[in-house]
Amino acid sequence: MVNRAFLSIGSNIGKRERYLYEAIQAIEKHSIKISNFSSIFETDPVGFTEQDLFLNMVIEIETVKNPHELLEICLDIEQQLDRKRIIHWGPRTIDLDIILFNEEIIHTKDLIIPHPRMHERAFVLVPLAEINGEIVIPNINRTVDNLLHQINSTGVRLWKKKQDRDINKLFN
């Protein structure tokens, strides 16, 4: 069975755009198809605010992996790209979060889907809405567009506009 999932990708250390691109290349090496993607947005940090601005985007993927296998892949990619977990919500080379997986609601010790704070995060909702604002968040039963209209999104600014269906062209 082919599963549809959405991943949020962010970086605020070093060559931020390069880390996004390397994460995407690593995802594709796991036989995961990127079926859609957002523009890249520059965003203010949330939580721990004494850090550099982030680059964020969302990708839609198709995979035969189950949610826990996908989580392991994401964690491995973060480790490969030197992600350090020192400060909660602190600076990072790369952050990969599974925000949606099919229409499933999953709550285990290691994984919560839909992502537990996605409905509060403009840096997730703005790029996700660009892909498809009509997606209904399963545990909230509201669309992405509806949620986005109820939060402050001033800390999210377009950084690089998606021009083509080829994700590699976004990074040229």
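Biologist: Why is Asn-141 called exposed?

Modeller: This is a predicted model, and in it Asn-141 has a relative accessible area of 59%. The term exposed applies over 50%, so Asn-141 is exposed.

Biologist: Where does Asn-141 lie, and what is its phi?

Modeller: Asn-141 sits in the loop between β8 (136–137) and β9 (142–143). Its phi is positive, about 55°, although Asn-141 is not a glycine. Most residues other than glycine have a negative phi.

Biologist: What is the phi of Asn-102, and where is that residue found?

Modeller: Phi of Asn-102 is near 50°, a positive value in a residue other than glycine. The residue belongs to the loop between β5 (95–101) and β6 (106–107).

Biologist: Why is Asn-102 called partly exposed?

Modeller: Asn-102 has a relative accessible area of 27%. Buried would need a value under 20% and exposed one over 50%, so Asn-102 is partly exposed.

Biologist: What makes the bond between Ile-113 and Pro-114 a cis peptide bond?

Modeller: Omega is about -5° for the peptide bond that joins Ile-113 and Pro-114, and the bond is cis. Most peptide bonds are trans. Pro-114 is in the loop between β7 (112–113) and α3.

Biologist: His-115 is in the loop between β7 and α3. How do you know whether His-115 is buried or exposed?

Modeller: The relative accessibility of His-115 is 17%. The limit for buried is under 20%, so His-115 counts as buried.

Biologist: Which residues does His-115 touch, leaving aside those up to four places away in sequence?

Modeller: His-115 touches Asp-97, Ile-98 and Ile-99. Contact here means heavy atoms within 4.5 Å.

Biologist: What makes Glu-42 and Arg-16 a salt bridge?

Modeller: Their side chains meet at 2.9 Å, N to O. The cut-off is within 4 Å, so the pair of Glu-42 and Arg-16 qualifies as a salt bridge. The two residues come from distant parts of the chain, Glu-42 from strand β3 (residues 40–43) and Arg-16 from helix α1 (residues 16–28), 26 residues apart. Glu-42 and Arg-16 are both buried.

Biologist: What makes Asp-44 and Arg-157 a salt bridge?

Modeller: The closest N and O atoms of Asp-44 and Arg-157 are 2.9 Å apart. With a cut-off of within 4 Å, the pair therefore counts as a salt bridge. This pair also links distant parts of the chain: Asp-44 is in the loop between β3 and β4 (54–63), Arg-157 is in strand β10 (residues 156–160), and 113 residues separate them.

Biologist: Why are Asp-44 and Arg-157 each called partly exposed?

Modeller: Asp-44 has a relative accessible area of 34%, and Arg-157 has one of 30%.

Biologist: What else does Asp-44 touch?

Modeller: Not counting residues up to four places away in sequence, Asp-44 touches Leu-53, Gly-155 and Arg-157. Asp-44 and Phe-54 are 10 residues apart in sequence, with 6.4 Å between their C-alpha atoms.

Biologist: How do you know that Glu-130 and Lys-161 form a salt bridge?

Modeller: The N to O distance between the side chains of Glu-130 and Lys-161 is 3.9 Å. That value is within 4 Å, so the pair is a salt bridge. Glu-130 is in helix α3 (residues 122–132) and Lys-161 in the loop between β10 and α5 (167–170), 31 residues apart. Glu-130, at 32% relative accessibility, counts as partly exposed, and so does Lys-161, with a relative accessible area of 45%.

Biologist: How many salt bridges are found in the whole structure?

Modeller: The search finds nine salt bridges. The protein has 21 positive and 25 negative side chains, and the centres of the two sets lie 3 Å apart.

Biologist: How do you know that the radius of gyration agrees with a compact globule?

Modeller: For 172 residues, a compact globule would have a radius of gyration near 16 Å; the protein has 15 Å, so the two agree. The C-alpha trace spans about 35 × 35 × 35 Å along its principal axes. The protein contains five helices and 10 strands, and buried residues make up 50% of its 172 residues.

How values were computed:
Residues numbered from 1 in each chain as written. Predicted model: local features only at pLDDT ≥ 70, side-chain atom pairs only at ≥ 80, totals over all residues. Heavy atoms only, no water. Helix = DSSP H or I, 4+ residues; strand = E, 2+ residues; numbered from the N terminus. Rg over C-alpha atoms; globule rule 2.2 N^0.38 Å. Buried < 20%, exposed > 50% of the residue type's maximum accessible area, 1.4 Å probe, protein only. Lys, Arg positive; Asp, Glu negative; His and termini not counted. Charge placed at Lys NZ, Arg CZ, Asp CG, Glu CD.
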